[in-house]
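Hello,

Here is the structure we talked about. Please open it and keep it beside this email as you read.

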Amino acid sequence: MRDCYRYIILIVMMVCTLSLQAQSDRGLIRMGNRAFHAQKWTKAEINYRKALAKNSSNSQALYNLGCALLQQDKDSMAVEQFEKASKIENNPFRRSKSYHNIGVIMQKQRQYAQAIDAYKMSLRDNPGDNETRYNLALCKKLLKNNPNQQNKKNDKNKDKNKNKDKKNQNNKKEDQNQNQNKKGQNQDKNKNQNQRHEQKMSRDNADQLLNAAIQQEKATKQKMQRNMSQPKSRNLDKNW
């Protein structure tokens with residue numbers, strides 16, 4: 001019975017601990033919100049970061065941190081937090097706000113093509129947002145009046161494709177070089193085989209010629225010996 005009570009107490013303590021941890025990051029967010037509304041941006045940032053230290057997957061803390069950074073003109077850091085929030089936020093309405101703010105930052109930096117992409121993502125999650133729709137139309141008009149922005153985007157894609165083509169060409173050239181080396185190695189191998197075959201044939205011919213010379217010499221010697229063993233004919237002297 002005592003073991004059962006201990007087990008129940010342990011479970012209750014674990015639940016309380018988890019609850020306190022959850023309340024802790026939410027409490028820090030509330031503190032950050034109060035600082036934010038008081039326009040104490042740095043203090044708000046600190047509290048939001050503390051909340052994320054407690055729970056790094058808290059999308060609200062990520063979004064609010066992005067807003068605090070945006071108020072401090074830390075645009076690139078703010079975009080990073082909004083992107084993180086948009087990836088883990090399940091609520092489409094809140095996710096649309098992250099994309100909207102990314103669009104605002106890109107628009108402020110006159111990166112209209114990127115702003116258009118962000119506003120489109122925002123409208124997918126919240127089609128009724130008239131402010132985002134207006135900003136999208138404005139950026140499209142600004143991009144039309146500044147074609148260099150679109151050219152820069154196209155140039156990036158061209159450079160990416162160019163690098164890809166260059167890599168493919170290098171791979172193709174490398175394959176050709178390997179094939180040529182392999183072909184050269186095969187030619188050298190065949191050449192060496194031919195040379196060995198020719199050398200073998202030369203040795204065989206030399207052996208044949210030597211054997212023929214020996215046989216001829218032997219035959220000549222035997223013929224001479226036969227001639228020496230036979231009596232020579234004599235011419236008889238005439239009488240006087």
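In which helix does L52 lie? L52 lies in helix α2, which runs over residues 41-54. Bear in mind that the model is predicted.

**The whole chain**

Start with the overview. The chain has eight helices and zero strands. Reading along the sequence gives α-α-α-α-α-α-α-α. There are 240 residues, and 24% of them count as buried. The chain exposes about 19,200 Å². Carbon and sulfur atoms supply 50% of that area. Now take the contacts with a separation of 6 or more: residues 24 or more positions apart account for 46% of them.

**Helix α2**

Does the length of α2 agree with what its residues should span, or disagree? The helix has 14 residues, and at 1.5 Å a residue they should span 20 Å. The end C-alpha atoms of α2 are 20 Å apart, which agrees.

Which residues of α2 are buried? They are A44, E45, N47, Y48, A51 and L52. These residues cover an arc of only 170 degrees around the axis, so they sit on the same side of α2. Here is the background: an α-helix has 3.6 residues a turn, so residues three or four places apart point the same way. The face of α2 turned away from the buried side carries the exposed residues A53 and K54.

**Back to L52**

Is L52 buried or exposed? Its relative accessible area is 15%, and buried means under 20%, so L52 is buried. What does L52 touch, leaving out residues up to four places away in sequence? L52 touches N58, A61, L62, L65 and Q81. L52 and I29 are 23 residues apart in sequence. In space they are 9.1 Å apart, C-alpha to C-alpha.

**Aromatic pairs**

A pair of aromatic rings is described by the distance of the centres and the angle of the planes. How many aromatic pairs does the count come to? The count comes to two aromatic pairs.

One is F36 with W41. Their ring centres are 5.0 Å apart and their planes are at 65 degrees. An angle over 60 degrees counts as edge-to-face, so this pair is edge-to-face. W41 has 22% relative accessibility, so W41 counts as partly exposed.

The other is Y63 with F82. Their ring centres are 5.6 Å apart and their planes are at 55 degrees, so this pair is tilted. Y63 and F82 link distant parts of the chain. Y63 is in helix α3 (residues 59-71), F82 is in helix α4 (residues 75-88), and they are 19 residues apart. F82 is buried, with a relative accessible area of 0%.

**Two loop residues**

Now turn to the backbone. Where is Q39 found? Q39 is in the loop between α1 (2-37) and α2. Its phi is near 60 degrees, a positive value in a residue other than glycine. Q39 has a relative accessible area of 57%, so Q39 is exposed.

D73 is in the loop between α3 and α4. Phi of D73 is also near 60 degrees, again positive in a residue other than glycine. The relative accessible area of D73 is 60%, so D73 is exposed.

Best wishes

Methods
Residues are numbered from 1 along each chain as its sequence is written. This is a predicted model: local features need pLDDT of at least 70, side-chain atom pairs count only at pLDDT 80 or more; totals for chains, interfaces and linings use all residues. Side-chain values use heavy atoms; hydrogens and water are left out. Helices (H or I, at least four residues) and strands (E, at least two) are DSSP runs, numbered from the N terminus. Buried means under 20% relative accessible area, exposed over 50%, partly exposed in between (1.4 Å probe, protein chains only). Contact means heavy atoms within 4.5 Å. Rings of Phe, Tyr and Trp (its six-membered ring) pair if their centres lie within 6.5 Å; planes under 30 degrees apart count as stacked, over 60 as edge-to-face and the rest as tilted. The expected span of a helix is 1.5 Å times one less than its number of residues. The arc is that of the directions from the helix axis to the C-beta atoms. Accessible areas come from the Shrake-Rupley method with a 1.4 Å probe; for residues, only the protein chains shown count as cover.
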